[in-house]
Amino acid sequence: NKDMDAEKSGSPPPGPRTELEHWRMRMQKITSITEQLKTRECKIVFGVLQAVTRVNHDVAPKSRQSVFNALRRWKQIDISITEAFNEAKDNVKYLTTLEKFIAPLYEGSPNSIIDTLPALMNSVKMVY
């Protein structure tokens, strides 16, 4: 039984709360990464690397090309980080709108769950 395994491992059972918490944690981790990349130190490193790619007779063309390739790869990674952040942010935004309907699913009586379902389904429709 998956629920029993989750209880034994200390992790919460899968469900709406778990999904919302997953996206909140993901957004927090990606935010931390982006904040680190905005530091003065990172900007200096990127500036130096970009300067190396400019025409400079002191730097061997092969080395300059390697740095250029690394910067191009970095830009691809930066785009991926931005896309991942936007995905997490959007998911947190939409799942948070459903949060008030989640509590009755965990704590409510069968009748209160039934009463909550139409509003929950309407909110899900609004998200999609």
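The following legends describe close-up views of a predicted model of one protein chain.

**Figure 1. Overall fold and confidence of the predicted chain.** The protein chain contains five helices and zero strands, arranged along the sequence in the pattern α-α-α-α-α. Helices (H or I, at least four residues) and strands (E, at least two) are DSSP runs numbered from the N terminus. The mean pLDDT, the predictor's confidence in each residue from 0 to 100, is 85 for the protein chain, and 89% of the residues score at least 70. Confidence is lowest in helix H1 (residues 2-9), with a mean of 52, and highest in helix H2 (residues 16-37), with a mean of 94. Where pLDDT is low, the predicted coordinates should not be read in detail. Of the 128 residues in the protein chain, 14% are buried; buried denotes under 20% relative accessible area, exposed over 50%, and partly exposed in between (1.4 Å probe, protein chains only). Among contacts (heavy atoms within 4.5 Å) between residues at least 6 apart in sequence, 58% join residues at least 24 apart.

**Figure 2. Packing of helix H4 against helix H5.** The axes of helix H4 (residues 61-107) and helix H5 (residues 110-127) come within 9 Å and cross at roughly 170°. Axes are lines fitted to C-alpha atoms, for helices over the stretch in contact, and angles run from 0 to 180 degrees between N-to-C directions. H4 and H5 are therefore roughly antiparallel to each other; angles over 145 degrees count as roughly antiparallel, under 35 as roughly parallel, 65 to 115 as roughly perpendicular and the rest as oblique. On the H4 side, the contact involves Tyr94, Thr97, Leu98, Phe101, Pro104 and Leu105, which meet Ile113, Thr116, Leu117, Ala119, Leu120, Ser123, Val124 and Val127 of H5. The residues of this contact comprise eleven nonpolar, three polar and no charged. Here Ala, Val, Leu, Ile, Met, Phe, Trp, Tyr, Cys and Pro count as nonpolar, Asp, Glu, Lys and Arg as charged, and the others, Gly among them, as polar.

Figure 3. Threonine 116 lies in helix H5 and is buried, with a relative accessible area of 15%. Not counting residues up to four places away in sequence, threonine 116 touches Phe101 and Pro104. Serine 123 also belongs to helix H5 and, at 17% relative accessibility, counts as buried. Leaving aside neighbours within four places in sequence, serine 123 is in contact with Leu98 and Phe101.

**Figure 4. The aromatic pair of phenylalanine 46 and tryptophan 74.** The structure holds one aromatic pair. Phenylalanine 46 and tryptophan 74 form this pair, which is stacked, with 5.3 Å centre to centre and 20° between the planes. Rings of Phe, Tyr and Trp (its six-membered ring) pair if their centres lie within 6.5 Å; planes under 30 degrees apart count as stacked, over 60 as edge-to-face and the rest as tilted. The pair links distant parts of the chain, with phenylalanine 46 in helix H3 and tryptophan 74 in helix H4, 28 residues apart. Their C-alpha atoms are 9.7 Å apart in space. Phenylalanine 46, at 23% relative accessibility, counts as partly exposed. Apart from neighbours within four places in sequence, phenylalanine 46 is in contact with Leu37 and Trp74.

**Notes to the figures.** Residues are numbered from 1 along each chain as its sequence is written, and side-chain values use heavy atoms, with hydrogens and water left out. In this predicted model, local features need pLDDT of at least 70 and side-chain atom pairs count only at pLDDT 80 or more, whereas totals for chains, interfaces and linings use all residues.
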